[in-house]
Amino acid sequence: MTDATVNISAASFRPGTSDAEIEAAAAKAAVNRRRTVIFWRLAILIAFLGLWEIAGRMAWIDPFFYAMPSAIAGRLYEWMTEGTSEGPLWYHLYVTMEESVLGFVTGSVAGIIIGVALGRNRMAADIFSIYIKVINSIPRVVLAPIFIMILGLGLASKVALAFVMVFFVVFHNAFQGVREADRAMIANARILGASDWQLTRSVIVPSAMSWIFASLHVSFGFAIIGAIVGEFVGSRYGIGLLINIAKGSFDAAGMYAAIVIVMVVALGAEYLMTLVENRLAKWRPQPLHETQ
Amino acid sequence: MAVEKTAPAIELINVSRRFLSPTGKSLTAIRDFTMTVERGEFVAVVGPTGCGKSTTLNLVTGLASPSAGEVRVMGAPVKGIDPRIGFVFQTDALFPWRTVIENVMAGPLFRAKPKAEAQASARDWLARVGLARFEQHYPHQLSGGMRKRVALAQTFINGPEILLMDEPFSALDVQTRVLMHEELLRLWSEAKASVVFVTHDLEEAIALADKVYVLTAGPATVKSVYTIDLPRPRVVADIRYEQSFIDYSRTIWANLKEEVETSYARAAA
């Protein structure tokens, strides 16, 4: 039983209570529990924003540096309705998303393919592991200026940066997932008649899938980081550029507004990923309380 | 071809198998191991825990090759994985992301049978092991005994001529285990396969097998072979109360006990 299981003490029922009554009580307790969670989540958010607003208005903190929720909301509204100084907000968002998604897709596909290939081939893994370690030790963001120098101010340099941010995370998990695949299961498949390719496709990859998904969850965030850092260093469009311009004009509200946009996008992507994962992983045991 | 017909199902002739330990030392799992399994024969292999029982099975499958000696299957030396062999594992080796029927279909599909044929055959085997209603379940939704039945169906669907079983029922509770013994004997008598059944449970070995091989404490070699002359068909649940069963049990245990004690003393040392 997990800690989220609803506990009803036996004492609250008189002897002879029917199952239906107990179930109804359990369902009610579950609803109450969910309401409590939502209430506290909202309460904390409101308290945080409220304190920030008050602290700004009472000049406990300097709104010039820390902005205020109302100013940020105002800037967001202005960007959405009138556009930014650099053109429509939606276009900047579109550019950043395009860079992130392209980097994410190419990086994760390459990471999965190379991770699975090296995971299956011990010799190749031993040979290449040293190079992967070396390259992996480079802090990815220092590559930004190099990519921009080579690939220019446009899309390609940001995609390349997002790619390297994503690739190593996914590669690492795919590799590990392949290595962790159950020995007995592999032997079983081989004796049942699976060829090497069938083994990879229908046993190794599915069993590495939960590892791979764990990395995909974090790596879309990394793709966004790659795109935005690339935009900081040099670009004509994108959310990173908006932050850079806001910084240049000491527009604290603008910087925070850009952060809010990125947060919303990243959370949305995370949500989509969870939906996809749940569809693919319907074979996994569900905790009892979720079936209610 | 004439040789093929008369040759025993499995022969291990003076086989040894050594491993390199991670520290580079050579470990001998089995040495000078000789065993013959006739066509249609049910052989049980008992020995102390960790003596190298499973290694003998891996040599027959071709997943491992002998360091010395010869392993022959149906009269021919083992080269790679033989399609006539089926293997039931000790641990759960089902694919958890596939439904029960997809698990059973795996063998025929790997062997490039058409999907419809594989599906029909899988339905048939699921009905035979009494799981027709559970086709669309996932393994985690089944009990341990039911998962073992799926594993049996998954193995038998390929029509193996040789069935290797590595302590297949050791994780089950006693009542379920007896039911699985009955199930296995029924399937075996229909399929006419040769069986090597590795176990540490002597009573299980006597109840099921035609011959019981007793192995020494590692490195394993054959200590003695007993022919079990109990009439078939056997009712596993009742057979253990018969006098001849008890006699076999007492004789073989006296022999096996020394090895178990040696193995235990070594582990304690």
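Reader: In which sense do strand 3 and strand 8 of chain B pair, and over how many bridges?
Author: This is a predicted model, where local features need pLDDT of at least 70, side-chain atom pairs count only at pLDDT 80 or more, and totals for chains, interfaces and linings use all residues. Residues are numbered from 1 along each chain as its sequence is written, while chains are lettered from A and ligands numbered from 1 in the order written. Strands (E, at least two residues) and helices (H or I, at least four) are DSSP runs numbered from the N terminus, and two strands pair if DSSP finds at least two bridges between them. V43(B) faces V196(B) in strand 8 of chain B, and strand 3 pairs with strand 8 (residues 194-199) in the parallel sense, over 5 bridges.

Reader: Which residue of strand 9 of chain B stands opposite V46(B)?
Author: Strand 3 of chain B also pairs with strand 9 (residues 211-215), in the parallel sense over 4 bridges. There, V46(B) stands opposite V214(B).

Reader: Why is strand 3 of chain B described as largely enclosed by the rest of the structure?
Author: Buried means 20 or more other C-beta atoms within 10 Å of a residue's own; exposed means 12 or fewer, and partly exposed lies in between, with C-beta atoms placed from the backbone. F42(B), A44(B) and V46(B) are buried on one side, V43(B) and V45(B) on the other. In a regular strand, side chains alternate between the two faces of the sheet. Strand 3 (residues 42-46) is largely enclosed because its buried residues number 5 of the 5.

Reader: Which residue just after helix 6 of chain B takes a positive phi?
Author: Helix 6 spans residues 174-191. Just after it, a positive phi of about 60° is taken by K192(B).

Key. Expected span 1.5 Å × (residues − 1).
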